[in-house]
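Here is a short report on one protein chain. It starts with the ground rules, then moves from the pocket to single residues.

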Amino acid sequence: MIAVVGHPDLTAPTLKMVEEELRRRLAEFALAGKAGLVRAGQGLPVAFGRAARAAGLALVTVLPTKNGVPDVLESSDRRAAGELLLLSEQVRLMEYDPADRGACVGADEDLMRSCARVLAVWDGSPSDGRDATAHLVAFARSSGVDVDVLWPDGASRRG
């Protein structure tokens with residue numbers, strides 16, 4: 001499995017660049033019979049899902065549950081989750097609170113444990129109270145998961 005992590009505040013042009021780069025990289029994994037794994041949400045998860053589908057890579061989307069029942073995502077993530085479900089070959093349910101940043105980071109850590117590789121869309125900046133990308137990259141590396149960092153020339157984040 002290949003997972004993706006990255007900044008939640010990528011600009012629209014950056015998401016387009018990243019989606020193109022992901023499509024190129026994921027084509028290799030598709031030929032090897034791998035699958036992509038993403039936690040439902042807007043922005044990078046959707047770009048990854050679209051790229052996976054275009055590259056012929058099977059996609060697995062993770063949805064949150066509460067007491068074994070699918071949980072309601074924040075309104076900004078609902079449309080994205082719907083698109084990801086349409087792109088996916090499989091859905092996994094995972095117990096975590098999508099409104100709790102710590103729970104989301106923990107869910108991402110759990111997902112990375114089941115992966116052989118992580119594609120990180122990361123500008124190299126440290127984690128802060130909103131963005132845990134640096135933490136997730138360090139976690140994956142310390143867990144023995146291969147990490148490829150993607151940051152295309154001209155990429156930017158919303159200010």
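## Basis

This is a predicted model: local features need pLDDT of at least 70, side-chain atom pairs count only at pLDDT 80 or more, and totals for chains, interfaces and linings use all residues. Residues are numbered from 1 along each chain as its sequence is written, and side-chain values use heavy atoms, with hydrogens and water left out.

Helices (DSSP runs of H or I, at least four residues) and strands (runs of E, at least two) are numbered from the N terminus. Buried means under 20% relative accessible area, exposed means over 50%, and partly exposed is in between (1.4 Å probe, protein chains only). A contact is a pair of heavy atoms within 4.5 Å. A polar contact is a pair of N or O atoms within 3.5 Å; within protein, one must be able to donate a hydrogen and the other to accept it, and residues adjacent in sequence count only if both atoms are side-chain atoms.

## The largest pocket

The search uses a 1 Å grid over the protein atoms alone. A pocket is an open set of points where a 1.4 Å probe fits, with protein on both sides within 12 Å along at least five of seven lines. Lining residues have an atom within 4 Å of a point. Points are joined across faces, edges and corners, and the volume is the space filled by probe spheres set on them. The largest pocket holds about 1,100 Å³.

Its lining has 47 residues. Nearest the centre lie Pro 8, Arg 39, Gly 41, Gln 42 and Pro 45. The lining splits into 24 nonpolar, nine polar and 14 charged residues. Here Ala, Val, Leu, Ile, Met, Phe, Trp, Tyr, Cys and Pro are nonpolar, Asp, Glu, Lys and Arg are charged, and the others, Gly among them, are polar. Elements that each supply at least two lining residues include strand 1 (2-6), helix 1 (12-31), strand 2 (35-39) and helix 2 (44-55). Helix 4 gives the most, with six residues.

Arg 39 sits in strand 2. Its side chain makes a polar contact with the side chain of Asp 108, at 2.8 Å. Leaving aside neighbours within four places in sequence, Arg 39 contacts Pro 45, Val 62, Tyr 96, Cys 104, Ala 107, Asp 108 and Leu 111.

Which residues of helix 3 are buried? They are Asp 77, Ala 80, Ala 81, Leu 84 and Leu 87. These residues lie on the same side of helix 3 because they cover an arc of only 115° around the axis, taken from the directions from the helix axis to the C-beta atoms. Ser 75, Arg 79 and Leu 86 are exposed on the other side. The cover over the buried residues includes strand 2, helix 2 and strand 3 (58-66).

Gly 49 belongs to helix 2. Its relative accessibility is 0%, so Gly 49 counts as buried. Not counting residues up to four places away in sequence, Gly 49 touches Leu 59, Leu 84 and Leu 87.

## Helix 5 and Thr 133

The buried residues of helix 5 are Thr 133, Ala 134, Leu 136, Val 137, Phe 139 and Ala 140. Strand 1, helix 4, strand 6 (117-121) and strand 7 (146-150) are among what covers them. Just after helix 5, Gly 144 takes a positive phi of about 80°.

Thr 133 has a relative accessibility of 2%. Its side chain reaches the backbone oxygen of Gly 6 at 3.2 Å and the backbone nitrogen of His 7 at 3.3 Å. Not counting residues up to four places away in sequence, Thr 133 touches Gly 6, His 7, Val 121, Trp 122 and Ser 127.

## Exposed sites

Most residues other than glycine have a negative phi. Asn 67 has a positive phi of about 55° although it is not a glycine. Asn 67 lies in the loop between strand 3 and strand 4 (69-70) and is exposed, with a relative accessible area of 69%.

Leu 31 is in helix 1. At 80% relative accessibility, Leu 31 is exposed.
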